[in-house]
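Visitor: Please take me through one part of this structure in close detail. I would like the packing inside the chain.

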Amino acid sequence: MKISREVWATARAQRPSRRSCQTALMTIMSALELIEPEPVPLDFAGAPIEITTGPARAHAVVDEGTTALCGTAVRRVLPTGWEWESAHPAHIERCASCLRMHPLESPR
Ligand SMILES: [Zn+2]
């Protein structure tokens, strides 16, 4: 089945925007920021690649967002898929500013 450009454009225009979905179902999730990023060279199937590793800090984000709600670490956070309230691995610290904005019901 072929869809004409007009039908496709109409469907896209009627689709709810991501922003309106966020305001309706805003879920506070966590995302990780590498505090001291350190490049590590690796060999991947014979090709040299570089990954970045280092200690991490958890920030609060909306849904699977990549912008920390505290306003720091813009473009440097990686969504975890964990809800902000859920148990994180104990060695990952939480951002103090995000904690003030979104305190945990049962502090860990
Ligand atoms: Zn934060």
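Guide: Here is a walk through the nonpolar core and a residue beside it in the account. This is a predicted model, in which local features need pLDDT of at least 70, side-chain atom pairs count only at pLDDT 80 or more, and totals for chains, interfaces and linings use all residues. Residues are numbered from 1 along each chain as its sequence is written.

The chain has three helices and six strands. Helices (H or I, at least four residues) and strands (E, at least two) are DSSP runs, numbered from the N terminus. Along the sequence the order is α-α-β-β-β-β-β-β-α.

Of the 108 residues, 14% are buried. Buried means 20 or more other C-beta atoms within 10 Å of the residue's own, exposed means 12 or fewer, and partly exposed is in between; C-beta atoms are placed from the backbone.

The largest nonpolar core has 10 residues: Met 29, Ala 31, Ala 58, Ala 60, Val 61, Ala 68, Val 77, Trp 84, Cys 95 and Cys 98. Such a core is a set of buried Ala, Val, Leu, Ile, Met, Phe, Trp, Tyr and Cys residues joined through C-beta atoms within 7 Å. Strands S1 (28-34) and S4 (56-62) each supply at least two of its residues. S4 gives the largest share, three.

Take Ala 58. Beyond its neighbours within four places in sequence, Ala 58 contacts Ser 30, Leu 32, His 88, Ile 92, Arg 94 and Cys 95. Contact means C-beta atoms, placed from the backbone, within 7 Å.

Now Ser 30, in strand S1. Ser 30 is buried because 25 other C-beta atoms lie within 10 Å. Its C-alpha atom is 6.0 Å from that of Glu 83, 53 residues apart along the chain.

Terms used: Two residues are in contact if their C-beta atoms, placed from the backbone, lie within 7 Å.
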